[in-house]
Amino acid sequence: MDTAYLDPSEIEYVEELLEVQRKAELEEDARYLEEDLYEFIAAAWHIVEPDTPFVHAWHIEGMCEHLEAVARGEIKRLYITMPPGHAKTMVCSVMFPAWLWCKQPGLRLLTASYDRGFAERDAAASLAIIESDWYQARWPLRIDSNTRSKKRFANEARGYRVTTTPGGATTGEGGGLVIVDDPISMKDVESPAKRKAALHWWRNVLPTRIRNHAPGAIVMVGQRGHDTDPIGAALKQNLPGSVHFNLPAKYDPQYRVDTKWYVDPRTKRGELLWPEVYGKQQMTALTSQMDAFAVASQLQQTPEVDGGAIIKRVWW
């Protein structure tokens, strides 16, 4: 707007009107994004991935629909199984916690991974979103400077995020939501003793960390590594309110798992999960270096006991 012919009082009035309009637009945008995790991810992506554009993906939409159901209290135990490199950590461990604080800043979260460094990295990325100018313009939320670290940070509404590992000391704290991103490494999953330790943590320690706060849920996401890995054990428990969202790298109707929140749109055997990023060439290069069991478990989410694996020719 050309203000060259306006006197100072008129310029000030115009600037006030423009500021009111800007605030109204930000409030409208905030209300829209608060109701749609997928759109929040697309809008906030540039903050943590400035050199990598967001690529639309139906499986990310599917994860978001299930995570939103967790936030609404419709799902108490959510298990997402999917191959590595398909944005599970970005969605579940980075974006989802930041989105939750848009509407529920007092929420207390416990996030865990088999590797403390990974857990703290993801917490730092989530914190970067929350403290960004983009986020603060829509949801002003002050982070307590006395608790600001990758291990634990809190906000002015008394919400906090604590990071830990299975068996870590900080699991003495709890909250209304626990997010477990890869509960055991693909190296440790081969050890019966380490699987037993991870299962003990899952069955006997983690449930006691859920406090009487909404949504009162646990989300566990990862790739499969063994028939008795933590996700496998959780699926066998079949607890009330539990939901499994399964995303194999290549579609196999025999292992199709649809839920009332999302349906896998693939219909042809062998269709890729995220062809825009992991196309046929990339997937062939990947599988050529992996043994049969790793392909079956980590990519197709179908591990079998004693290291056996059914590898179907049509998959690859």
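So, which helices each supply at least two residues of the lining of the largest pocket? They're helix 2, helix 4 (88-103) and helix 5 (116-130), with helices taken as DSSP runs of H or I, at least four residues, numbered from the N terminus.

Quick housekeeping. This is a predicted model, where local features need pLDDT of at least 70 and side-chain atom pairs count only at pLDDT 80 or more, while totals for chains, interfaces and linings use all residues. Residues are numbered from 1 along each chain as its sequence is written, and side-chain values use heavy atoms, without hydrogens and water.

On confidence: pLDDT, the predictor's per-residue confidence from 0 to 100, averages 88 for the protein, and 88% of the residues score at least 70. Over residues 305-309, though, pLDDT stays under 50.

A pocket here is an open set of points on a 1 Å grid where a 1.4 Å probe fits, with protein on both sides within 12 Å along at least five of seven lines; lining residues have an atom within 4 Å of a point. Of the 28 lining residues, Gly 85, Lys 88, Thr 89, Met 90 and Arg 121 are closest to the centre.

Helix 2 (residues 37-48) also meets helix 3 (residues 58-71): their axes, lines fitted to C-alpha atoms over the stretch in contact, come within 8 Å and cross at roughly 125 degrees. The contact (heavy atoms within 4.5 Å) includes Leu 37, Tyr 38 and Ile 41 from helix 2, and Cys 64 and Leu 67 among those from helix 3.

Methods
Axes are lines fitted to C-alpha atoms, for helices over the stretch in contact, and angles run from 0 to 180 degrees between N-to-C directions.
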